[in-house]
Amino acid sequence: SIQITVYAQLTGGSIGSAQSICYNTAPAGLTQTAPATGGTGTYTYQWQSSPDNSTWSNIIGATGTTYNPPALTTSTYYRRVVTSAPCGSANSNSILITVYPDVTPGTISAAQSICYNTAPAGLTGTAPTGGNGTYSYQWQSSPDNSTWSNIGGATGANYSPPALTSNTYYRR
């Protein structure tokens with residue numbers, strides 16, 4: 001008599017959870033949260049990326065159980081393909097790395113000319129954009145547009161400078 005061995009159904013295991021990152025930064029490494037199972041018990045791996053969770057491309061050289069993505073500028077999906085010859089391949093779950101848009105600081109109001117020892121008009125600005133949409137502010141001043149110092153307590157979107165006796169640059 002002969003025995004015919006039937007390997008268990010191949011599963012792709014699972015990979016780490018979704019992340020949200022800042023523009024042009026690298027996400028945390030993608031880890032295996034559950035190993036592949038079934039097949040012959042011998043596995044090879046290929047990581048893939050996708051812009052839409054539908055069209056997938058192999059990542060050259062990404063053949064380990066884990067993967068460290070590079071800095072990203074667009075949101076990207078990842079998955080891992082597990083192969084156990086001759087039993088074929090199975091995919092892990094896919095995860096999305098969400099990339100926040102690049103932060104732009106907005107602009108502040110125009111230059112002014114004032115008389116000695118008088119206060120300029122308040123400095124206002126347009127709203128910043130990008131990032132996760134939550135912003136904090138710090139106003140700075142400089143005598144030469146080169147060396148900058150934080151202005152204590154000036155952490156609002158707008159700033160009202162005191163009376164000035166010398167030329168002063170401001171930025172937010």
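How many residues lie between S8 and S9 in the hairpin that they form, and which residue in the turn has a positive phi? There are five residues between the two strands, and Gly88 in the turn has a positive phi of about 90 degrees. Strands here, like helices, are DSSP runs numbered from the N terminus, with at least two residues (E) for a strand and at least four (H or I) for a helix.

This is a predicted model, in which local features need pLDDT of at least 70 and side-chain atom pairs count only at pLDDT 80 or more, while totals for chains, interfaces and linings use all residues. Residues are numbered from 1 along each chain as its sequence is written, and side-chain values use heavy atoms, with hydrogens and water left out.

Two strands are said to pair if DSSP finds at least two bridges between them.

| Strands | Sense | Bridges | Opposite residues |
|---|---|---|---|
| S6 and S8 | antiparallel | seven | Gln48 and Arg79 |
| S8 and S10 | antiparallel | three | Tyr78 and Ile95 |
| S8 and S9 | antiparallel | three | Thr83 and Ser89 |

Six of the eight residues of S8 are buried, so this strand is largely enclosed by the rest of the structure; buried means under 20% relative accessible area, exposed means over 50%, and partly exposed is in between (1.4 Å probe, protein chains only).

**Rings and cores**

A search of the whole structure finds four aromatic pairs, where rings of Phe, Tyr and Trp (its six-membered ring) pair if their centres lie within 6.5 Å, and planes under 30 degrees apart count as stacked, over 60 as edge-to-face and the rest as tilted. One of them joins Tyr67 and Tyr78 in a tilted arrangement, with 5.9 Å from centre to centre and 45 degrees between the planes. Tyr67 sits in the loop between strand S7 (57-58) and strand S8 (76-83), whereas Tyr78 belongs to strand S8, 11 residues apart. Both tyrosines are buried, and ring pairs link Trp47, Tyr67 and Tyr78 into a cluster.

These three residues also belong to the largest nonpolar core, which has 12 residues, including Ile15, Leu30 and Ile95. A nonpolar core is a set of buried Ala, Val, Leu, Ile, Met, Phe, Trp, Tyr and Cys residues joined through side-chain atoms within 4.5 Å. Strand S10 (residues 95-99) gives the most to this core, with three residues. A second, separate core of seven residues includes Leu123, Trp139, Ile151 and Leu164.

**Ser50 in strand S6**

Ser50 is found in strand S6 (residues 44-50) and is buried, with a relative accessible area of 1%. Its side chain reaches the backbone nitrogen of Asn53 at 2.8 Å, and a polar atom of the Ser50 side chain lies 3.3 Å from the backbone nitrogen of Ser54. Leaving aside neighbours within four places in sequence, Ser50 is in contact (heavy atoms within 4.5 Å) with Thr55, Trp56, Thr76 and Tyr77.

**Cysteines**

A search of the whole structure finds zero disulfides, a disulfide being a pair of cysteine sulfur atoms within 2.5 Å. Cys22 is partly exposed, with a relative accessible area of 48%, while Cys115 is exposed, with a relative accessible area of 57%.

Conventions
A polar contact is a pair of N or O atoms within 3.5 Å; within protein, one must be able to donate a hydrogen and the other to accept it, and residues adjacent in sequence count only if both atoms are side-chain atoms.
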